[in-house]
Amino acid sequence: MERWMLESGMEAHLAQLRGQLAQMTAAGQLLERYATDEKSKTYLSTINQSVCRMLRLVGRLELAQRLTDEDEVRLHVSALDITRWGEDLAHRLEGVLAGAGIALTWEVAPGLLGVADGALLEQLVLELVSNAAKAGGPVKLTVQPGPKAVRITVSDHGPGLDAQQLSTLFQQPPREDRGMGVALAQQIAQLHGGLLMADSKPGRGVHMVALIPLREGMPTGRLETPPPTWGDNGMDSVLVGLSDVLPARSFAPDELR
């Protein structure tokens with residue numbers, strides 16, 4: 001009972017916060033007509049950046065609740081053209097990261113089909129790419145076939161981590177922001193029946209690998225709750241998901257149109 005009350009209270013607070021963020025987003029859009037000089041545009045860019053970062057935080061808290069809720073089925077799976085999904089996501093990531101001066105190279109294998117929760121897989125990639133982008137150098141994304149699975153790899157070209165630093169990312173509860181991203185990605189992979197692995201050596205970057213089984217056919221005999229109806233207030237989910245590594249200029253009114 002006490003746990004239920006705490007979780008219900010958290011949900012109520014998050015819902016109220018989302019309401020306030022929706023009002024801020026609407027107010028920012030109304031102010032665009034008056035932001036005609038560079039100083040006003042800069043202020044509005046900072047406001048948009050803050051809204052996106054708060055949306056990201058709220059979304060992660062809601063997702064963490066969903067992934068750990070034992071009273072519901074947490075996957076909302078459907079037939080997924082993984083090749084098209086991966087190519088579309090890679091193009092969006094490439095454009096958004098360019099605003100931060102970060103180059104993204106990517107490769108998606110053809111003919112990948114499966115049954116998965118596409119929204120959660122996107123979140124998995126966003127968390128891993130956000131972590132990789134913090135290394136400050138180029139990021140590489142590959143989506144390749146594995147043994148009855150799809151292999152999603154995100155690599156950076158940073159200084160790398162030693163074994164102890166790498167294990168810290170997987171500790172629960174997370175000790176830092178990067179750890180939270182890894183924890184969410186790991187839970188998403190595990191819910192799909194897969195796993196998340198990491199490899200790194202000092203001076204050779206970090207390579208995060210998610211193995212997602214390619215199930216065939218739709219699951220039957222399952223009662224599923226509807227997918228969450230909340231969104232990102234009309235903002236691009238990639239822009240919100242990477243808002244912690246993007247500069248304010250990426251949120252300028254002209255860029256968001």
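Two residues are in contact here when they have heavy atoms within 4.5 Å of each other.

A word on the ground rules. This is a predicted model, in which local features need pLDDT of at least 70 and side-chain atom pairs count only at pLDDT 80 or more, while totals for chains, interfaces and linings use all residues. Residues are numbered from 1 along each chain as its sequence is written, and side-chain values use heavy atoms, with hydrogens and water left out.

**The whole chain**

Let's start with the overall picture. The chain's secondary structure comes to eight helices and seven strands; these are DSSP runs numbered from the N terminus, helices being H or I with at least four residues and strands being E with at least two. Of the 257 residues, 42% count as buried, where buried means under 20% relative accessible area, exposed means over 50%, and partly exposed is in between, using a 1.4 Å probe and protein chains only. Among contacts between residues at least 6 apart in sequence, 76% join residues at least 24 apart.

**The sheet**

Five strands make an open sheet in the order E2-E4-E5-E7-E6, with mixed pairing; two strands pair if DSSP finds at least two bridges between them. At the edges sit strand E2 (104-108) and strand E6 (195-200), each pairing on one side only. From one strand to the next, the twist averages 15 degrees.

| Strands | Direction | Bridges |
|---|---|---|
| E4 (residues 139-146) and E5 (residues 149-156) | antiparallel | eight |
| E5 and E7 | antiparallel | seven |
| E6 and E7 | antiparallel | six |

E7 is mostly covered, with six of its eight residues buried. Ile-212 counts as buried because its relative accessibility is 1%. Not counting residues up to four places away in sequence, Ile-212 touches Leu-121, Leu-124, Ala-149, Val-150, Ile-152, Ala-189 and His-192. Ile-212 and Val-150 are 62 residues apart along the chain, yet their C-alpha atoms are separated by 5.2 Å.

**Helices on the sheet**

Helix H3 (residues 82-98) lies across E2, E4 and E5, running at about 175 degrees to E2. Axes here are lines fitted to C-alpha atoms, for helices over the stretch in contact, and angles run from 0 to 180 degrees between N-to-C directions. H4 packs on the sheet as well, touching E4, E5, E6 and strand E7 (206-213), and its direction makes about 20 degrees with that of E5.

H3 has 17 residues and reaches 24 Å from its first C-alpha to its last, close to the 24 Å expected at 1.5 Å a residue; that expected span is 1.5 Å times one less than the number of residues. Its buried residues are Ile-82, Thr-83, Trp-85, Gly-86, Leu-89, Ala-90, Leu-93, Val-96 and Leu-97. They cover an arc of only 160 degrees around the axis, so they are on the same side of H3; the arc is that of the directions from the helix axis to the C-beta atoms. On the other side of H3, Arg-84 and Ala-98 are exposed.

What gathers inside? In soluble globular proteins, nonpolar side chains tend to be buried together. Here the largest nonpolar core has 61 residues, and those with the most contacts inside it are Leu-93, Leu-124, Val-125, Leu-141, Ile-152 and Leu-242. Helix H4 (residues 118-133) gives the largest share of this core, nine residues. A nonpolar core is a set of buried Ala, Val, Leu, Ile, Met, Phe, Trp, Tyr and Cys residues joined through side-chain atoms within 4.5 Å.

**One more helix**

Finally, Gln-49 is found in helix H2 (residues 38-68). Gln-49 counts as buried because its relative accessibility is 11%. Leaving aside neighbours within four places in sequence, Gln-49 is in contact with Leu-246, Pro-247, Ala-248 and Phe-251.
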